[in-house]
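Subject: Structure for your review

Hello,

Here is the structure I said I would pass on. My notes on it follow below.

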Amino acid sequence: MDRANRTDALKAWEDLTIADNFIFQKVMRKKRLCKRLIETILNIKIRKITFAETEKDIHVRRDSKSVRLDVYVEDEQGTLYDIEMQTTDYADPAELPKRTRYYQAMMDMDVLNKGEFYTKLRKTYIIFICTFDPFDRSLSQYTFHETCAEDATLAMGDETTKIFLNSKGRREGINPNLAAFLDYIEGKAPKGKFTETIADAVEAAKENKDMKVEYMTFFMELRRREEKGREEGIVKGREEGRWTTLAELVREGILSLQEAAKKAGMSEEAFRKLAAL
């Protein structure tokens with residue numbers, strides 16, 4: 001999920017589109033549409049998908065970074081699919097590729113029980129639908145597999161695939177239904193039965209009063225938490241600034257270490273470590 005989208009830029013309910021994470025998740029709760037989207041992206045046929053989850057949380061260790069997957073489904077053969085809507089173009093080009101690396105690791109650890117062989121790991125697809133070009137090559141679809149650098153025809157065979165869709169890319173050489181879907185993300189009128197069905201699902205979701213209440217309640221709570229976090233950050237920043245000033249006074253000989261530590265409200269040893277004295 002795209003956490004970089006600030007809640008202080010909360011969009012009006014009426015202005016939401018398929019590119020907004022909340023609506024995307026609601027629409028993808030329809031197994032038929034989610035299945036069709038996967039088939040369209042991968043040019044494959046799936047008999048059915050099961051255990052569809054939206055916003056699946058994966059926690060491996062208490063002290064590790066957890067992940068929340070937007071749309072997490074499994075097909076009849078046990079293949080796992082994670083689909084994410086990405087609307088923030090990060091300054092660091094490694095952000096999204098490394099995020100897929102972490103998601104892959106977390107998904108693997110989530111399904112492999114202790115003592116099981118690595119061959120029990122599932123075939124996985126991680127799909128990021130981007131409203132920007134993540135690699136600046138103007139392609140609408142970037143598909144990555146593990147291959148040998150010395151012989152590109154040699155695949156590692158770990159059965160992992162990462163796909164980045166780019167709604168801003170050229171449409172040459174891709175599935176017409178996928179092209180229409182990406183155009184729809186860009187705000188163009190839906191074309192073709194698949195995209196028109198998605199558009200209908202978007203409108204149905206936006207007419208659902210319960211979903212509107214859920215949207216407003218959820219994002220207002222996020223805004224409240226962010227405001228609290230900002231306030232705590234301001235206090236922390238003031239404290240760190242005060243410690244820095246006290247440390248400078250110690251270095252300049254204006255205050256003794258004992259005096260500075262007392263003003264900071266901590267032991268001399270703690271202040272020495274904090275201020276790197």
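A residue is called buried here when its relative accessible area is under 20%, exposed when it is over 50%, and partly exposed in between (1.4 Å probe, protein chains only). This is a predicted model, in which local features need pLDDT of at least 70 and side-chain atom pairs count only at pLDDT 80 or more, while totals for chains, interfaces and linings use all residues. Residues are numbered from 1 along each chain as its sequence is written, and side-chain values use heavy atoms, with hydrogens and water left out.

Overall picture

The protein has 8 helices and 6 strands, where helices (H or I, at least four residues) and strands (E, at least two) are DSSP runs numbered from the N terminus. Their order along the sequence is α-α-β-β-β-α-β-β-β-α-α-α-α-α. Of the 277 residues in the protein, 40% are buried. Among contacts (heavy atoms within 4.5 Å) with a separation of 6 or more, 60% are between residues 24 or more positions apart.

Helix α2 has 12 residues and spans 16 Å from its first C-alpha to its last. That is close to the 16 Å expected at 1.5 Å a residue, the expected span being 1.5 Å times one less than the number of residues. Its buried residues are Leu 33, Cys 34, Leu 37, Ile 38, Glu 39, Thr 40, Ile 41 and Leu 42. Just after α2, Asn 43 takes a positive phi of about 55 degrees.

The axes of α1 (residues 21–28) and α2 (residues 31–42) come within 7 Å and cross at roughly 105 degrees. Axes are lines fitted to C-alpha atoms, for helices over the stretch in contact, and angles run from 0 to 180 degrees between N-to-C directions. Phe 24, Val 27 and Met 28 of α1 meet Leu 33, Cys 34 and Leu 37 of α2. These contact residues divide into 6 nonpolar, no polar and no charged. Ala, Val, Leu, Ile, Met, Phe, Trp, Tyr, Cys and Pro count as nonpolar, Asp, Glu, Lys and Arg as charged, and the others, Gly among them, as polar.

Helices α4 and α5

The axes of α4 (residues 176–185) and α5 (residues 192–206) come within 8 Å and cross at roughly 35 degrees. The α4 side of the contact is Asn 177, Ala 180, Phe 181 and Tyr 184, and the α5 side is Phe 194, Thr 195, Ile 198, Ala 199 and Val 202. By class, this contact has 7 nonpolar, 2 polar and no charged residues.

Ala 205, also in α5, is buried at 6% relative accessibility. Leaving out residues up to four places away in sequence, Ala 205 touches Trp 13, Ile 23 and Met 211. Ala 205 and Val 27 are 178 residues apart in sequence, with their C-alpha atoms 7.3 Å apart.

Backbone and cysteines

Most residues other than glycine have a negative phi. Asp 136, in the loop between β4 (124–130) and β5 (141–144), has a positive phi of about 55 degrees and is exposed at 66%. Glu 159, in the loop between β5 and β6 (160–166), has a positive phi of about 60 degrees and is partly exposed at 45%.

Cys 34 is buried at 1% relative accessibility, and Cys 130 is buried at 1%. The disulfide count is 0, taking a disulfide as a pair of cysteine sulfur atoms within 2.5 Å.

Regards
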